[in-house]
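Colleague: I'm new to this one. Please bring it up on the screen, and I'll keep asking how you know things.

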Protein chains: 2
Amino acid sequence: MVNWKNLDQLDAFKELESLDKVCLPCAMAGENGAERVKKYCIPMAQGLFFNYGAKAVDDDILASLAKLADEAEVLDKFAELYNGAVVNTGEKRLVLHQLCRGQLGRDVMADGVNKREFYVKQQERIAAFAKKVHEGEIVNADGEKFTTVVQIGIGGSDLGPRAIYIALENWARKNDTLKMEAKFISNVDPDDAAAVLNSIDVAHSLFVLVSKSGTTLETLTNEAFVKNALAEAGLDASKHMVAVTSETSPLAKNEGYLDAFFMDDYIGGRYSSSSAVGGCVLSLAFGPEVFAQFLDGAAACDKLCLEKDPLKNAALLDALIGVYERNVLGMSNTAVLPYSQALSRFPAHLQQLDMESNGKSVNRFGEPVDYPTGPIIFGEPGTNGQHSFYQLLHQGKTIVPLQFIGFKNSQIGTDVVIEGSTSQQKLSANVAAQIVAFATGKDDANLNKKFDGGRPSSIIIGEQLTPASLGALLAHFENKVMFQGFLWNVNSFDQEGVQLGKVLAKKVLAHDTDGALAIYSDLLGI
Amino acid sequence: MVNWKNLDQLDAFKELESLDKVCLPCAMAGENGAERVKKYCIPMAQGLFFNYGAKAVDDDILASLAKLADEAEVLDKFAELYNGAVVNTGEKRLVLHQLCRGQLGRDVMADGVNKREFYVKQQERIAAFAKKVHEGEIVNADGEKFTTVVQIGIGGSDLGPRAIYIALENWARKNDTLKMEAKFISNVDPDDAAAVLNSIDVAHSLFVLVSKSGTTLETLTNEAFVKNALAEAGLDASKHMVAVTSETSPLAKNEGYLDAFFMDDYIGGRYSSSSAVGGCVLSLAFGPEVFAQFLDGAAACDKLCLEKDPLKNAALLDALIGVYERNVLGMSNTAVLPYSQALSRFPAHLQQLDMESNGKSVNRFGEPVDYPTGPIIFGEPGTNGQHSFYQLLHQGKTIVPLQFIGFKNSQIGTDVVIEGSTSQQKLSANVAAQIVAFATGKDDANLNKKFDGGRPSSIIIGEQLTPASLGALLAHFENKVMFQGFLWNVNSFDQEGVQLGKVLAKKVLAHDTDGALAIYSDLLGI
């Protein structure tokens with residue numbers, strides 16, 4: 001049995017706190033800096049690598065972080081997870097999202113079935129369905145092919161799949177594998193569904209309704225919205241809609257849908273991109289082969305997380321450095337800065353993944369913890385962010401650790417040479433420049449033009465953003481967040497913090513309010 | 001002459017620090033809570049109002065904040081600004097963005113002209129140009145109307161105009177005033193321009209090149225990208241492109257453009273939505289009358305900022321409470337949470353506006369300040385955010401002040417009744433519920449289900465998101481940020497923090513690197 005201890009009970013953590021801090025501008029200067037950047041670099045899956053040369057660590061701190069990982073038994077905890085232990089203690093559930101893309105340990109049996117086989121079967125069913133749609137076997141009432149797929153879901157049923165679709169849309173166009181355009185309806189704001197419906201040809205649209213329980217308010221409301229639109233167009237909704245849900249939900253085996261594909265309670269929404277939640281819409285949009293490449297990339301990344309040496313395990317080391325920044329250096333944010341327009345919504349997905357997983361104040365036993373847990377995550381693609389919030393990152397009073405992502409090649413490949421360099425070279429030059437500027441700073445007699453430096457960053461670099469490298473990237477962050485949860489001793493797989501708002505919203509809608517809530521309801525005209 | 005003092009030199013600030021803190025869950029409970037919400041409410045322009053019932057303030061703290069505003073002479077500083085003083089001390093420039101939408105003080109003369117007249121003249125020139133485009137007087141080579149307008153710009157030339165376009169696109173469709181669809185190219189990532197160009201019909205597209213200096217690297221690179229695409233389509237770029245720039249830039253009076261509209265050095269990029277930077281693309285997209293309504297809304301909000309009583313001046317009070325949260329309560333973030341899908345990119349604009357303005361470590365005289373300045377801003381629309389990062393906001397270890405925005409009515413007006421309520425009612429019910437949940441929390445014997453509350457929030461509520469109310473909303477935040485800059489005694493109008501990265505990126509592109517920068521360049525394949 002592994003030992004689930006709070007971070008501040010670990011000897012290695014006390015040691016870590018006692019170590020000298022790194023002067024990043026000093027460490028990154030001159031040839032020493034060059035050596036650091038060469039040395040502090042770990043290969044990841046799919047040609048990606050994790051470079052942490054500009055993080056505020058040195059060999060002593062790294063050795064102490066490795067001890068922390070060992071003492072916290074994070075790899076044993078990971079083994080418990082992938083071997084099917086009830087790691088989600090709050091909800092008493094297994095945690096099996098990795099099983100959608102591979103099997104790291106023994107067979108996991110639950111609900112009387114082998115879960116790996118269950119997830120693979122759903123993938124196969126989705127692939128077969130998607131092929132029928134693409135090949136014109138499943139068609140609309142006029143016998144015409146569906147051209148658009150619309151995902152109806154919120155939270156994890158929206159952010160991950162949407163970020164992945166946006167990340168791969170141009171790649172798929174370029175590689176001639178964009179089978180259907182995808183759209184997403186998520187918000188209960190009626191203008192969200194109305195605007196999407198106004199922008200598509202409903203007669204050629206297939207809708208994917210995603211709700212594990214089959215009871216998510218926003219999603220069912222938007223389903224009704226869509227069904228109205230289909231009815232107004234004289235169409236039979238049951239011929240335009242599939243469900244992604246659990247086998248026990250009211251949406252399963254329901255004649256209102258063309259078909260239903262299944263997920264289960266062992267995959268949390270924010271970890272569900274690899275499951276049918278991502279699989280259905282992405283297989284329809286790009287073809288099942290492309291989704292399979294994405295899963296393979298994720299599986300390869302998962303496998304690397306088995307590496308016993310924390311200093312060779314990218315996701316684990318990324319997690320450890322983040323804990324050092326949060327709990328020793330006292331930094332409460334992390335900015336995710338992909339130098340790739342295709343990753344424009346990837347930070348929004350990571351925001352959910354990280355903040356919903358580790359934004360907790362109690363440990364896995366429900367006892368309050370006395371140390372900071374998950375950070376606040378935000379970010380926008382570079383170079384756009386440089387012309388926006390980087391001012392504060394460079395010269396503000398609060399230091400924000402930075403997570404850069406960059407690729408050597410663009411996806412579309414169309415480029416232009418201006419002043420002797422391509423746009424892709426300018427993009428890459430900017431991210432290199434920013435890392436060094438943030439770390440080393442620059443002195444100036446005019447203090448308004450002085451940069452203190454000392455802003456720590458890491459970068460993940462890849463050849464190109466492809467389905468496989470995106471899968472690896474996504475799995476890296478899922479595993480990083482999981483490892484951090486182990487270190488903080490929190491349950492990264494529940495989300496009790498979203499409940500109170502739901503309960504109070506129901507009261508408002510039932511006009512069962514008093515006090516402040518009644519006044520806000522009045523002010524908002526409810 | 002006003003007195004420019006650091007925040008920590010003000011007696012009222014010391015008083016503020018000494019006051020008892022508010023127990024928000026106590027204050028917001030029962031009928032007292034209801035009274036607070038009724039009382040702590042200020043009307044704004046265009047039917048908006050600012051409710052701060054759920055902020056961690058009480059009458060004593062508010063009185064002290066009012067003293068702080070008086071002692072810091074913020075309204076006198078505002079008067080200096082709108083009367084044309086050199087408030088941007090670092091760059092030795094006037095600050096005149098409010099003059100694009102009205103005149104609050106005396107005539108401001110600069111560069112030998114009356115600046116209000118100059119800005120109005122540009123608006124009139126843009127309106128005349130837009131009308132010619134809409135009426136088919138200015139057409140493409142085949143004599144056909146332009147159907148799409150594409151803004152090429154980055155930072156303030158992108159985020160504000162894009163957020164406004166997205167905010168009003170559905171309103172304009174509904175009100176039959178969408179004249180042209182707008183697209184935006186910003187990132188130097190070649191995939192950004194390539195994807196936009198792939199998505200439009202260039203033969204019917206008009207491009208608006210926006211660069212004050214006429215030298216912004218990203219923008220000129222993307223211009224070349226677009227010109228290549230036009231050339232490949234056999235089109236004359238000079239018949240498809242207008243410039244928005246300063247009168248002295250190389251883009252002004254240039255035969256490469258159909259026309260040029262002017263801005264100047266007295267309007268910073270992040271404050272330029274009201275100038276030709278926003279005016280050109282938005283007048284083309286929606287018609288100049290709609291842009292005029294937007295300006296009128298902003299002007300009305302500016303006028304309310306003249307209110308001498310800080311407790312009746314919404315932008316000023318919002319600013320003061322933010323300073324209290326940052327400098328007394330020690331909170332380093334603010335989340336902007338619009339319950340309106342149309343405002344999906346408004347948080348990204350505010351992120352630039354706020355973080356680039358006040359993310360500073362020196363005061364306006366270039367002396368280091370010893371207190372926190374501008375916070376980190378992030379946000380996503382509700383209810384989406386509820387299913388994403390709200391977990392951390394409710395139960396995380398770091399308290400994040402919240403800025404909600406809500407409207408009583410949707411823009412499109414299509415809605416559906418499910419379980420007795422419309423989607424719009426559900427949306428509004430959720431924001432009311434969240435405010436109360438964040439403030440009051442809920443006890444539970446299971447600490448994992450306990451909510452401590454004490455998360456402060458304010459809300460701006462309006463009837464509907466229209467051009468005029470959006471103008472008022474934008475101006476509110478511009479003025480809030482300005483007032484906060486006065487209180488922190490920083491120059492909110494320069495951005496020296498963006499320079500070092502630019503310098504280093506040029507070195508990389510010139511292969512003039514050594515040390516760490518050389519290694520990063522290698523790793524990125526430059």
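Modeller: Let's start with a term: a disulfide is a pair of cysteine sulfur atoms within 2.5 Å. What you see is a predicted model, where local features need pLDDT of at least 70, side-chain atom pairs count only at pLDDT 80 or more, and totals for chains, interfaces and linings use all residues. Residues are numbered from 1 along each chain as its sequence is written, chains are lettered from A and ligands numbered from 1 in the order in which they are written, and side-chain values use heavy atoms, with hydrogens and water left out.

Colleague: What makes the link of Cys23(A) and Cys26(A) a disulfide?

Modeller: The S to S distance is 2.0 Å, which is within the cut-off, so the pair counts as a disulfide. Its torsion about the S-S bond is 70°, and the link is right-handed. Chain B has a disulfide from Cys23(B) to Cys26(B), with S to S 2.0 Å. A search of the whole structure finds two disulfides over all chains.

Colleague: Why is the disulfide of Cys23(B) and Cys26(B) called right-handed?

Modeller: Because the torsion about its S-S bond is about 70°.

Colleague: How do you know whether Cys26(A) is buried or exposed?

Modeller: By relative accessible area: buried means under 20%, exposed over 50%, and partly exposed in between (1.4 Å probe, protein chains only). Cys26(A) has 52%, so it counts as exposed. Cys23(A), at 38%, is partly exposed. In chain B, Cys23(B) has 37% and Cys26(B) has 49%, so both fall in the partly exposed range.

Colleague: On to the two chains. How do you know what relation chain B has to chain A?

Modeller: Two copies of a chain are related by a rotation about an axis and a shift along it. Copies are superposed by least squares on the C-alpha atoms of residues with pLDDT of at least 70 in both. Here a rotation of 180° with 0.0 Å of shift along its axis puts chain B on chain A, with an RMSD of 0.0 Å. That is the relation of a two-fold axis. In chain B, the C-alpha nearest the axis belongs to Phe378(B), 3.2 Å from it.

Colleague: What makes a nonpolar core, and which residues have the most contacts inside the largest one?

Modeller: A nonpolar core is a set of buried Ala, Val, Leu, Ile, Met, Phe, Trp, Tyr and Cys residues joined through side-chain atoms within 4.5 Å. The largest has 302 residues, and those with the most contacts inside it are Phe483(A), Tyr520(A), Phe483(B) and Tyr520(B). A second, separate core of 38 residues includes Leu96(A) and Val226(A).

Colleague: Why is strand β10 of chain B called largely enclosed?

Modeller: Helices (H or I, at least four residues) and strands (E, at least two) are DSSP runs, numbered from the N terminus. Seven of the seven residues of β10(B), residues 333-339, are buried, so the rest of the structure largely encloses it. Among them, Ala335(B) and Leu337(B) point one way, and Val336(B) the other way.

Colleague: How do you know which strands β10(B) pairs with?

Modeller: Two strands pair if DSSP finds at least two bridges between them. Three bridges join β10(B) to the parallel strand β11(B), residues 376-378, and five join it to β12(B), residues 402-407, also parallel. Both counts meet the limit, so both are pairs. Ala335(B) stands opposite Phe378(B), and Leu337(B) opposite Phe404(B).

Colleague: What makes the backbone at Lys92(B) and at Thr383(B) worth a look?

Modeller: Most residues other than glycine have a negative phi, and most peptide bonds are trans. Lys92(B) has a positive phi, near 55°, and is exposed at 67%. The bond between Gly382(B) and Thr383(B) is cis, with omega about 5°; Thr383(B) is in the loop between β11 and α14 (390-395) of chain B.
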